[in-house]
Amino acid sequence: MRSDVDKEALDAVEDLPVGRMSFVRVRMFGSDHPFEAMDSYTGDVSRIGEVVLDVAAGEWDLAFEAVLGHPVGDLLVMDRVVLEPPWRGAGLGPVLAGTAIRRLSQDCVAVACEPGSADGRELTEAEHREAAVKLGRVWERLGFEPFQQGVLILDCHLQRTQDFLAERQEEFSALCRAWQEKHRP
């Protein structure tokens, strides 16, 4: 049974969804075939697997392996990063995604993504291409680089990657300070 204090406390907070993110860790040295695991997840994750893996062998594609500094480890796929409309355009996407990548990419060789609209809106082919280009520029702020067939990769073993992620963390701290100043009583 709730007391009046509990109700007052509940009235004092408001749940404000900012968005949602989905990451998939692909174990390269587990008991499951990496591509089969990716294929069973979603079509988008499967498509990335077709680009970075030798599908038949269940190993890195030679071209993917060649661009990595140290091609040993798992793969982290940034499947979805969707911000609610009021939160878009303030630089929050790369900050939140960068924070998630820093936490989730330990022992990963790379992070891969394929930019595109993921918020459920129906888009024309031209709008989809425009969204992919725009989001590609956003993800470049984290250090992602074009690889092949629209897939971007972030090599987790490069110092440059750590520097980009640290810069996004600094931006996050600045956003928090600005929000606190604006909302301070």
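Asp-107 is exposed, with a relative accessible area of 56%, where exposed means over 50%, buried under 20% and partly exposed in between, using a 1.4 Å probe and protein chains only. This residue sits in the loop between helix H5 (92-104) and E5, and its phi is near 65°, a positive value in a residue other than glycine. Gln-149 can be read alongside it: phi there is near 50°, again positive in a non-glycine residue. Gln-149 belongs to the loop between strand E6 (145-148) and strand E7 (151-155), and with a relative accessible area of 52% it is exposed.

Before going further, a word on what you are looking at: this is a predicted model, in which local features need pLDDT of at least 70 and side-chain atom pairs count only at pLDDT 80 or more, while totals for chains, interfaces and linings use all residues. Residues are numbered from 1 along each chain as its sequence is written, and side-chain values use heavy atoms, with hydrogens and water left out. The pLDDT, the predictor's confidence in each residue from 0 to 100, averages 85 over the protein chain, and 92% of the residues score at least 70. Confidence is lowest in helix H1 (residues 4-11), at a mean of 59, and highest in strand E5 (residues 108-113), at 96.

Now step back to the whole chain. It has 7 helices and 7 strands, which are DSSP runs numbered from the N terminus (helices: H or I, at least four residues; strands: E, at least two). Along the sequence they follow the pattern α-β-α-α-β-β-α-β-α-β-α-β-β-α. The C-alpha atoms fill a box of roughly 60 × 40 × 40 Å along the principal axes, and of the 185 residues in the chain, 34% are buried. Taking contact to mean heavy atoms within 4.5 Å, residues 24 or more positions apart account for 70% of the contacts with a separation of 6 or more.

Take Met-28: it is 47 residues from Leu-75 in sequence, yet the C-alpha atoms are 7.3 Å apart.

Two serines are also worth a visit. Ser-22, in strand E1 (residues 19-26), is buried at a relative accessible area of 19%. Not counting residues up to four places away in sequence, Ser-22 touches Tyr-41, Val-77, Met-78, Asp-79 and Arg-80. Ser-46 is in helix H3 (residues 43-52) and is buried too, at 5%.

Finally, the cysteines. How many disulfides does the structure hold? There are 0, a disulfide being a pair of cysteine sulfur atoms within 2.5 Å. For Cys-113, the closest cysteine sulfur is in Cys-156, and at 12 Å it is too far for a bond. Cys-113 counts as buried at 2% relative accessibility, whereas Cys-176 is partly exposed at 32%.
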